[in-house]
Amino acid sequence: MTTVAAYAAPSAKAPLERTTIERRAVREFDVLIDIEFAGICHSDIHQAREGWGEAIFPMVPGHEIAGVVSEVGPGVTRFAVGDRVGVGCLVDSCRECDNCKAGLEQYCTGGSVGTYNAVGKDGEPTYGGYAQKIVVDENYVVRIPDGLSLDVAAPLLCAGITTYSPLKHWNAGPGKKVAILGMGGLGHMGVKIAHALGAEVTVLSQSLRKKDDGLKLGAAHYYATSDENTFKELKGSFDLILSTVSAPLNLDAYLSLLKTDGAFVNVGAPEEPVALNLFSVIGGRKTLAGSGIGGIQETQEMLDFCAEHGLGAEIELISADQINEAYERVLASDVRYRFVIDTSTI
Ligand code: NAP
Ligand code: ZN
Ligand code: ZN
């Protein structure tokens, strides 16, 4: 066991504070990673505040982890000391179900293990990336290509893959009109990736405050959803809408923006259920779908794609003592566009 400095929420109502945790000794197939950067995902906040239900405390959030391998177990074949690596939302899965075999570990039916707020196969709670080190089985570790610096790569481990996976699955590409709903951590990566895939990208944001940025990141159009004219003007426009919104939203209004056979794909994970009038999907044979992160192999594919296209996240680098303040700014949609913790400050 190694004692490691970390930032943890002691309970759902309390701010995060510095603490120490124990990391397991490196086992046969494990790698020990010296974490350099950890992104702050809105999911960290939902969980640290028990917005999605009962959680495990103390909680060390963080599933956008970038660092360097500092030790490997004797059975490790894919990584060596000094390799630049990342860890996302999963640190284990059953490895036997159809989904695991198909590289869809995120939909494991035999029991996957989250990077934090979960219990590992050894019965111990998992602790995430707001820490100086982590020990992970090599099968749940990905390589960060040389072309990406670790700080801007960290958010790709969740925000990148969560947008890349559905954009690929629903064929965002040349000739397709894709709307990205919400320009936060996920949304801004959605804009970059959809643009790099060749789609015509529109941002639908609550206001026009971030319009210049959206256009710079690759959007061709940018509309405010607070303006009722937006819904009149864009009726029937999109092949695909990817919603990254963290709060309940008016699904019927957004479904009206799809073309016939268009798809509204939701990755945002609001804490409250949303209402739906089923006539919104009957007319126009529309699809309402969801998507969760991505598999391990697809995460590697996404990192390679991002390196090839020069796509990192737009980040605000913070020290660990700014985490609580950063949480408040994320909740206020005041993030441009991902907070990343310099874990050397923990
Ligand atoms: P974020 O940085 O806070 O971005 C969310 C964006 O949603 C905000 O920037 C804002 O965009 C918009 N928004 C927020 N509140 C809104 C409201 N009341 N009405 C309309 N729009 C609103 O969060 P994130 O880290 O990108 O995560 C987004 C959501 O995805 C979270 O719920 C998170 O838990 C979830 N998530 C899901 C997965 C998955 O696998 N499915 C993975 C990661 C995260 P504008 O300012 O542009 O309007
Ligand atoms: Zn996340
Ligand atoms: Zn499985």
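In this predicted model, 12 residues of domain 1 are in contact with 18 residues of domain 2, contact meaning heavy atoms within 4.5 Å. Domain 1 comprises 2–157 + 314–345 and domain 2 comprises 160–290, with bounds that come from an automatic or database domain assignment. The C-alpha centres of domain 1 and domain 2 lie 28 Å apart. Between domain 1 and domain 2 an area of about 1400 Å² is buried, 48% of it given by carbon and sulfur atoms; buried area is the accessible area (1.4 Å probe) that two parts lose on being put together, summed over both. On the domain 1 side, L156, E314 and Y337 lose the most area to domain 2, and together they make up 40% of what that side buries.

Two salt bridges are found across the interface of domain 1 and domain 2, a salt bridge being a side-chain nitrogen of Lys or Arg within 4 Å of a carboxyl oxygen of Asp or Glu. The side chains of D213 and R336 form a salt bridge, with 3.7 Å from N to O. R336 is also joined to Y337 by a cis peptide bond, with omega near -10°, and Y337 is placed in the loop between α11 (323–331) and β17 (338–342); helices (H or I, at least four residues) and strands (E, at least two) are DSSP runs, numbered from the N terminus.

Residues are numbered from 1 along each chain as its sequence is written, while chains are lettered from A and ligands numbered from 1 in the order in which they are written. Local features need pLDDT of at least 70 and side-chain atom pairs count only at pLDDT 80 or more, whereas totals for chains, interfaces and linings use all residues, and side-chain values use heavy atoms, with hydrogens and water left out.

Cavities and pockets are defined on a 1 Å grid over the protein atoms alone: a cavity is a set of points where a 1.4 Å probe fits but cannot get out, a pocket is an open set with protein on both sides within 12 Å along at least five of seven lines, and lining residues have an atom within 4 Å of a point. Grid points are joined across faces, edges and corners, and a volume is the space filled by probe spheres set on the points.

| Space | Volume | Lining residues by class |
|---|---|---|
| Largest cavity | about 100 Å³ | nine nonpolar, four polar, no charged |
| Second largest cavity | about 30 Å³ | seven nonpolar, two polar, no charged |
| Second largest pocket | about 520 Å³ | nine nonpolar, three polar, 12 charged |

In these classes, Ala, Val, Leu, Ile, Met, Phe, Trp, Tyr, Cys and Pro count as nonpolar, Asp, Glu, Lys and Arg as charged, and the others, Gly among them, as polar.

The number of cavities of 30 Å³ or more is two. Among the 13 residues lining the largest cavity, G88, C89, L90, I296 and T299 are the closest to its centre, and β5 (84–87) and α10 (296–308) each supply at least two residues of that lining. The second largest cavity is lined by residues including P58, P125 and T126. P58 is joined to F57 by a cis peptide bond, with omega about 0°, and its place is in the loop between α1 (42–48) and β4 (65–72).

The second largest pocket is lined by 24 residues, of which R24, R27, D122, P125 and T126 are the closest to its centre. Strand β8 (133–137) is one of the elements that supply at least two residues of this lining, and its four residues are the largest share.
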